[in-house]
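Subject: Structure for you to look at

Hello,

Here is the structure I said I would pass on. Please open it beside this message and follow along.

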Amino acid sequence: MPSIIRRLRRYGLGMVSVGMASILIIEDDQRIREELATRLSERGHDVISVGLAMEGVQSAVSGDCEVVVLDLGLPDLDGAEALRMIRAVSDVPVVVATARDEEADIISVLDAGADDYVVKPYSADHLAARIRAVMRRSGAAADDDTIEVGGLHVDVAGHEATLDGQPLDLTARAFDLLAYLAANQGKLCSKRELLAEVWRQPYGGADKTVDVHISWLRKALGETAAEPVYLQTKRGVGVRLVDPTS
Ligand code: CA
């Protein structure tokens, strides 16, 4: 099995759905709670917010939300305890929002089943990005090994990709490159990163391998550097795969 597939599997990357989510915010600070609810709603998310841990646990385990943002310092129950109660019955992704930046606390909540964490103070943009990331990862459990970006469908396990339903003719390495970029959609990936992650050459230097494969990939996708659609290159920096439909 190509290493990229093993690693995508290890990271739990699969069906990618990045869009609106129903988000449960468990946060006792009214100002933070209302501001987050407003900001995330403005981004099109469905937001439920509660100020007590027990309300939050009930709501989380009832299956009403796709992702939970959990404050750790809550008046009725410690957030870490609430997390354990949620985890006893639910796999819903949980992003812990904490003012406690001590490493030991962060490790303990990750061990207790948190999917990610943000340290206060954090922006709504930052939180929204973390939410997208945990949802991408959690989607893997539902539909393994398939990544969708707009009209692009990458079947990582089957080593096949289609664009608007049409199969793409790719070499094995170009496929691995596409799968890696798709798994990191929206993120600008440097050539060094691609050499390390796709070619397994962390000290690859300045050779043209990556450029050549990007240009093959671009051709397979039916686009040009002058008029990019999915593949956006930034000269001297790297390349990102974007969803042109979003
Ligand atoms: Ca608090």
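This is a predicted model: local features need pLDDT of at least 70, side-chain atom pairs count only at pLDDT 80 or more; totals for chains, interfaces and linings use all residues.

Start with the open sheet. It has five strands, in the order E2-E1-E3-E4-E5, and the pairing is parallel. E2 and strand E5 (116-119) stand at the edges. Each has a single partner strand, so one side of each is left without a neighbour in the sheet. Neighbouring strands are turned by 20° against each other on average, direction ignored.

Look next at E1 and E3. They run parallel and are joined by four bridges. Ile26 stands opposite Leu70 in E3. Helix H4 packs on the sheet, where it touches E3 and strand E4 (94-98). The direction of H4 makes about 155° with that of E3.

Helix H3

Which residues of helix H3 are buried? In this helix (residues 53-61), they are Ala53, Gly56, Val57, Ser59 and Ala60. Seen down the axis of H3, these buried residues fall within an arc of 170°, so they line one face of the helix. They pack against strands E1 (22-26), E2 (46-50) and E3 (67-71), and against helix H4 (79-89). Just after H3 comes Gly63, which takes a positive phi of about 85°.

The calcium site

What coordinates the calcium ion? Asp28 (OD), Asp71 (OD) and Gly73 (O) do, at 2.1 to 2.3 Å. Along the chain, these donors follow the spacing D-x42-D-x1-G. Asp28 and Gly73 link distant parts of the chain, 45 residues apart. Asp28 lies in the loop between E1 and helix H2 (30-42), and Gly73 in the loop between E3 and H4.

Are these two residues buried or partly exposed? Asp28 has a relative accessibility of 33%, so it counts as partly exposed. Gly73 is partly exposed as well, with a relative accessible area of 35%.

Arg218

Last stop: Arg218, in helix H9 (residues 209-220). Is Arg218 buried or exposed? Its relative accessible area is 7%, so Arg218 is buried; the cut-off for buried is under 20%. The side chains of Arg218 and Thr233 are joined by a polar contact of 3.3 Å. Leaving aside neighbours within four places in sequence, Arg218 is in contact with Glu223, Thr224, Ala225, Pro228, Leu231 and Thr233.

Best wishes

Conventions:
Residues are numbered from 1 along each chain as its sequence is written. Side-chain values use heavy atoms; hydrogens and water are left out. Buried means under 20% relative accessible area, exposed over 50%, partly exposed in between (1.4 Å probe, protein chains only). Helices (H or I, at least four residues) and strands (E, at least two) are DSSP runs, numbered from the N terminus. The arc is that of the directions from the helix axis to the C-beta atoms. Contact means heavy atoms within 4.5 Å. Donors are N, O and S atoms within 2.8 Å of the metal (3.2 Å for Na, K and Ca); water is not among the atoms, so sites may look incomplete. A polar contact is a pair of N or O atoms within 3.5 Å; within protein, one must be able to donate a hydrogen and the other to accept it, and residues adjacent in sequence count only if both atoms are side-chain atoms. Two strands pair if DSSP finds at least two bridges between them. Axes are lines fitted to C-alpha atoms, for helices over the stretch in contact, and angles run from 0 to 180 degrees between N-to-C directions.
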